[in-house]
Amino acid sequence: MVSKAQLLQFIVSGIMVGSIYAIIAIGFNMIFNATEVINFAQGEFVMLGGMTTVTFYQVFHLPLWFSCILSVLLVTLVGIIFERLAIHPMKHFSVLNAVIITIGASTIMRGGTMIALGRDNMSFPPFTGTGDKPFMILGSSIPQQGAWIILAALLLVFGLSLFYKRSIQGIAMRSIAWNKTAAELMGVNVKWIVMLSFAMSAASGALAGVLVTPITLTAYNVGLILGLKGFCAAILGGFGNFWGAICGGVLLGLLESLGAGLISSGYKDAIAFLVLLIVLFLRPTGLFGTVKIREE
Amino acid sequence: MSEKDSIQKRIENRNLGFWIFLGIMMSWPIFYPNPYYLNVMIFTGINTLVATGLNLLFGYAGQISMGHATFLGIGAYCSAFFTVKLGWNPWLGFLIGVLITSLFSFLIGLPSLKLRGYYLAMATLAFGIIMETFFVELKSITGGPDGIGGIPALSLFGFKFHTDLRYYYLVWVIVACLTLLVINLVNSRAGRGMRALHESELAASVLGINTFRYKLAIFIFSAIYASIGGSLFAHYITHITPESFSIMHSILIVVMVIIGGMGKIWGPLLGAGIMTILPETLRAFEVYHEIAYGLILVLIMIYFTDGVAGALNFVFKKIPFFNKKLIS
Amino acid sequence: METDVLLNVTQLKKAFGGVMAVAGVSFNVVHGQIKSIIGPNGAGKTTIFNLISGVLSPLSGEVYFQNQNLIGLSPHQVCVMGISRTFQNVILFKRMTVLENVMVGRHSRVNTNLISSIFRLPAFKNTEKAIIDKAMELMAIVGLDRKAFEMAQNLPLGEQKLLEIARGLATDPKLILLDEPAAGLNTAELEAIIRLIKKIREKGITILLVEHNMRVVMDVSDEILVLNFGERIASGTPEEIKGNERVIRAYLGKGVSFARSR
């Protein structure tokens with residue numbers, strides 16, 4: 001039998017992990033909203049965020065906060081290069097092509113990182129609270145890093161809501177999602193906006209990587225699973241919908257944490273997969289989705 | 001020969017080139033029984049089989065599976081488990097592998113194929129990652145990280161396939177038969193339906209083709225080919241471990257189909273050949289394999305969408321004799 | 001029977017975003033007739049075709065074909081029921097030959113057993129022969145039999161349209177929906193299309209036509225339905241439509257002169 005404190009612990013860690021999934025899901029949504037492409041390389045942005053921060057911190061001995069910021073900038077640059085080199089030249093924009101190209105790009109990023117940084121797990125210290133000083137909430141502990149994660153996720157969503165409603169670029173992005181041709185005719189520079197969406201998506205992915213590495217460690221191959229779970233979260237919440245991403249992420253995190261705690265921890269990853277299949281079977285539009293997902 | 005018969009012969013896909021190549025393959029070991037060559041070509045044959053199935057999925061259903069190495073693994077583990085742990089007839093292992101693979105691919109394809117293109121890709125990726133976990137965790141069935149060893153040789157009516165030479169012929173005869181099956185399929189009503197589906201789903205559907213059912217059937221069919229390949233793989237190397245069935249290998253199979261050229265009969269063979277032989281020659285640079293695969297995928301998709309087969313096709317069309325007989 | 005209603009459309013509605021593309025359209029198509037739907041661009045004509053053939057689902061309304069409900073059926077099921085259609089921007093199977101394109105049309109009518117196909121049994125050869133025969137017959141009707149082995153993408157536009165119609169006829173339809181068959185054709189090609197449409201009617205197939213070319217419409221139609229902004233504004237024989245005030249106003253400024261057509 002599980003004690004109330006343990007249950008609470010599962011819930012708290014679930015929310016924490018779920019926030020990471022939510023941030024990754026938001027990355028998927030941003031690119032999808034601007035281009036209708038599912039970016040299989042999204043998880044690699046997360047991996048790169050963590051790995052480059054480790055490199056800056058451990059190898060170049062830069063201060064931690066600086067390493068993090070530099071890392072996010074670097075990965076944003078990677079995202080832009082990715083868009084310019086791989087996405088932009090796609091002549092026939094078929095779904096098959098796009099998927100293969102993003103799969104190829106993710107393989108390149110993974111393979112390149114393996115060559116440059118090896119296969120080992122690595123990490124860096126959390127932002128605050130080293131030396132075992134977690135927050136205590138109602139008898140369950142949450143590492144301080146966890147608080148940063150949840151805070152970051154919430155700030156991100158608020159920031160993006162403002163961005164999409166108030167800023168010119170955000171409004172332009174939404175107009176492209178609605179109708180690309182009309183947007184172009186209205187003077188929206190689609191190419192620039194697409195590039196911007198990749199940059200933002202890469203940045204948010206890197207942010208997730210930077211936030212989660214102190215807790216879960218990182219390695220050259222964490223991108224695949226994280227990307228997949230972020231995708232699950234996005235589908236669960238309804239693809240293209242930002243608040244859906246938060247809900248989906250947290251929900252997925254909770255399911256995973258409770259499942260691992262109450263049933264078995266070896267099959268933790270299987271839970272995300274099962275959730276994905278169930279959602280696809282029963283309600284592909286997710287909780288809040290309005291995106292057209294069937295061929296019409 | 002009546003006029004109608006000759007029309008029928010004319011619309012059949014001429015694949016003479018493929019058969020000539022196969023003829024060469026069959027007779028080569030007689031003149032050149034180099035064991036290393038046999039070994040490499042056995043793997044090439046198995047990969048050709050898997051790539052042929054995936055090629056149908058890409059080329060005709062326009063869908064991607066990121067889990068084909070997983071179906072291979074299911075076939076391999078079924079063969080291994082039922083022969084080693086239960087002592088059953090190896091051919092039963094083949095059959096059970098096919099059945100289980102059909103079931104899984106049906107369950108994954110059913111919801112995913114109603115949705116847009118990338119859903120199947122994601123679902124098969126998820127499936128692949130999960131099965132990787134299962135292959136390692138379910139120690140009682142799969143032997144865990146150490147896998148299953150001591151897989152017996154295949155035999156047919158007392159004739160044992162326990163030498164490389166015999167296995168070479170077994171594999172390539174199976175490849176030939178199953179490729180012939182695909183060729184016959186492509187030139188039938190079902191094949192026309194698939195090609196129509198590929199050209200325009202919309203037009204195909206208003207002409208009475210149940211596009212969803214075809215996509216699902218093609219997916220299951222391609223998974224079955226992978227399963228058969230997996231069983232052949234298991235009986236050849238006699239000891240299987242989960243590492244051989246990772247996502248990386250699924251990506252490798254995708255590379256084979258892409259580099260070979262989608263939707264053509266030659267494609268899988270060329271792709272499998274290149275991607276089996278090339279890593280062998282570059283064994284020293286194993287750490288560069290992954291990034292190389294990624295580069296190949298991206299470059300081919302952007303610049304050479306028809307792959308090597310397409311490029312060869314293009315060249316052959318310029319040569320007068322060849323362009324009537326060999327082009328598929 | 002001459003007054004048999006083949007297709008019955010009632011209060012059909014379809015919206016895209018905030019726009020009502022089809023705003024409550026009702027009409028009947030009688031067995032054996034040629035009925036044309038005309039109207040300015042954006043009047044909802046192709047959308048109606050998409051709704052009837054199952055490509056889109058309506059917001060509300062009913063469609064009955066031979067007293068069977070079509071709403072909710074998928075396109076291939078609608079085809080099996082006996083309705084065929086062509087597309088505004090001709091959709092051919094470009095990398096298949098002319099003959100193969102038409103053969104695809106036989107898909108839902110002639111079933112070849114898979115085992116037969118794989119092992120090339122006599123049953124397969126027989127059904128393939130039957131499919132080829134019928135396809136050649138249809139190609140002869142439209143005049144494309146000499147081009148059987150040409151790639152569909154190599155045909156000129158006029159012949160592509162004929163091919164698409166031949167392919168549609170291969171499904172043994174009772175009703176065929178032709179979406180702007182005359183668009184982009186020169187005079188000789190127009191003559192061929194008009195002849196073909198009349199030939200199709202002679203074969204007992206009912207035709208529902210969407211068309212902009214008034215000469216074709218006036219020449220072949222038994223009845224004309226006029227749409228504007230997704231609504232029906234007039235319906236009647238060619239003579240009645242010619243003089244209709246609302247219709248003329250809807251087309252005002254488009255330079256269409258009814259007086260010139262026969």
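The structure is a predicted model, in which local features need pLDDT of at least 70 and side-chain atom pairs count only at pLDDT 80 or more, while totals for chains, interfaces and linings use all residues. Residues are numbered from 1 along each chain as its sequence is written, and chains are lettered from A and ligands numbered from 1 in the order in which they are written.

- The crossing of α11(A) and α6(B) is left-handed, meaning that the near helix is turned anticlockwise from the far one by less than a right angle.
- On the α11(A) side the residues that meet α6(B) include F273(A), L276(A), L277(A) and L280(A), and their counterparts in α6(B) include A126(B), F127(B), I129(B) and I130(B).
- The residues of this contact between α11(A) and α6(B) comprise 11 nonpolar, 1 polar and 1 charged, where Ala, Val, Leu, Ile, Met, Phe, Trp, Tyr, Cys and Pro count as nonpolar, Asp, Glu, Lys and Arg as charged, and the others, Gly among them, as polar.

- Chain A contributes 37 residues and chain B 36 residues to the contact, two residues being in contact if their C-beta atoms, placed from the backbone, lie within 7 Å.
- On the side of chain A that touches chain B, at least two residues each come from α4 (95-117), α9 (222-237) and α11 (268-282) of chain A, and α4(A) gives the most, with 16 residues.
- That side of chain A divides into 27 nonpolar, 6 polar and 4 charged residues.

**Chain A as a whole**

- Chain A has 11 helices and 2 strands, which are DSSP runs numbered from the N terminus (helices H or I of at least four residues, strands E of at least two).
- Of the 296 residues of chain A, 52% count as buried, that is, with 20 or more other C-beta atoms, placed from the backbone, within 10 Å of their own.

**Domains of chain C**

- Chain C is divided into domain 1 (1-82 + 174-262) and domain 2 (91-172), with bounds from an automatic or database domain assignment.
- The centres of these two domains of chain C, taken over C-alpha atoms, are separated by 27 Å.

Technical notes: A residue is buried if 20 or more other C-beta atoms lie within 10 Å of its own, exposed if 12 or fewer, and partly exposed in between; C-beta atoms are placed from the backbone.
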